[in-house]
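Q: How do I read a ligand site and helix packing from a model? Please walk me through it.

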Amino acid sequence: MISGKNIHKAYGTVQVLKGVNIELTRGAVVSIVGPSGSGKSTLLHILGTLDKPDTGSVVMNDTPVNALTGKQLAAFRNKHIGFVFQFHHLLPEFSALENVCIPAWLSGRRKKETARKARELLTILGVDHRLDNKPNELSGGEQQRVAVARALINQPDIIFADEPTGNLDTTNARELHRLFFDLRDRFQQTFLIVTHNEELAQLSDRTLHMKDGLIV
Ligand SMILES: Nc1ncnc2c1ncn2[C@@H]1O[C@H](COP(=O)(O)OP(=O)(O)OP(=O)(O)O)[C@@H](O)[C@H]1O
Ligand SMILES: [Mg+2]
């Protein structure tokens, strides 16, 4: 599904990734754990095509993503990749429902069908009572769940998540984990999740440990 080879990344003189190799098979739920500053988010950004490695390659669905240019890359991302980040970047002037719909509108899907699917996702995530509210009218956990629905709306092949349950209480975190595994079972979606949640790490098919810019 995705393969990263010999990925190096430096910020100034600081070598953050020191030759990371990673392979994910379709339908795997893999978590990444490791101390703060070890390079987890940097790796996720590079695998998710949001940032470029200094050296090394990323191949997704047989496409060498390093070779794609601006527009191609944006289209590829929209179709194949979903992101859930610590800071969810919901668009403040749009409602919860609209925020979830936006990636589907961008890929040219029908409005009615998109709204139906967005409602379904928000219901599964337990925020269906907040469809018409703007992000600043939602709690942190609600905003995060809206961001999760937005990441899932285009049924991406792979979902990159950075501390997706960081703002959630135990019950909601458990629900979200259950949803991830359910989506994997139903649609063979692949998940790479940075997490400090031990329960999730244990449930995962594999746990990768990062330390000082390497998977150890
Ligand atoms: N844009 C940047 N410019 C300079 N240094 C950066 C930049 N992004 C990250 N770093 C540095 O790279 C190192 C790895 O950062 P990264 O965000 O990947 O860590 P992390 O493992 O995700 O940590 P955390 O668990 O705290 O989120 C850190 O020392 C960080 O300060
Ligand atoms: Mg991080």
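The dialogue below takes the ligand site, then the helices.

A: This is a predicted model: local features need pLDDT of at least 70, side-chain atom pairs count only at pLDDT 80 or more, and totals for chains, interfaces and linings use all residues. Residues are numbered from 1 along each chain as its sequence is written, chains are lettered from A and ligands numbered from 1 in the order written, and side-chain values use heavy atoms, without hydrogens and water.

Q: Which residues are around ligand 1?

A: A residue is near if one of its heavy atoms lies within 4 Å. Here these are Tyr11, Val16, Pro35, Ser36, Gly37, Ser38, Gly39, Lys40, Ser41 and Thr42. Helix 1 (residues 40-47) gives the most, with three residues. Helices are DSSP runs (H or I, at least four residues), numbered from the N terminus.

Q: Which polar atoms lie by an oxygen atom of ligand 1?

A: A polar contact is a pair of N or O atoms within 3.5 Å. Polar side-chain atoms of Ser36 and Thr42 each lie 2.6 Å from a ligand oxygen atom. For Ser38, a polar backbone atom is 3.2 Å from a ligand oxygen atom. Alone, ligand 1 exposes 640 Å², and the protein buries 56% of that. Areas come from the Shrake-Rupley method with a 1.4 Å probe.

Q: At what angle do helix 3 and helix 5 pack?

A: Axes are lines fitted to C-alpha atoms over the stretch in contact, and angles run from 0 to 180 degrees between N-to-C directions. Helix 3 and helix 5 (residues 140-152) pack at about 25°, axes 7 Å apart. That makes them roughly parallel (under 35 degrees).

Q: What about helix 3 and helix 4?

A: Helix 3 (residues 96-106) and helix 4 (residues 111-124) pack at about 125°, with axes 9 Å apart. They are therefore oblique to each other.

Note on methods. Polar contact = N/O pair within 3.5 Å; in protein donor to acceptor, adjacent residues only side chain to side chain. Helix = DSSP H or I, 4+ residues; strand = E, 2+ residues; numbered from the N terminus. Parallel < 35°, antiparallel > 145°, perpendicular 65-115°, else oblique.
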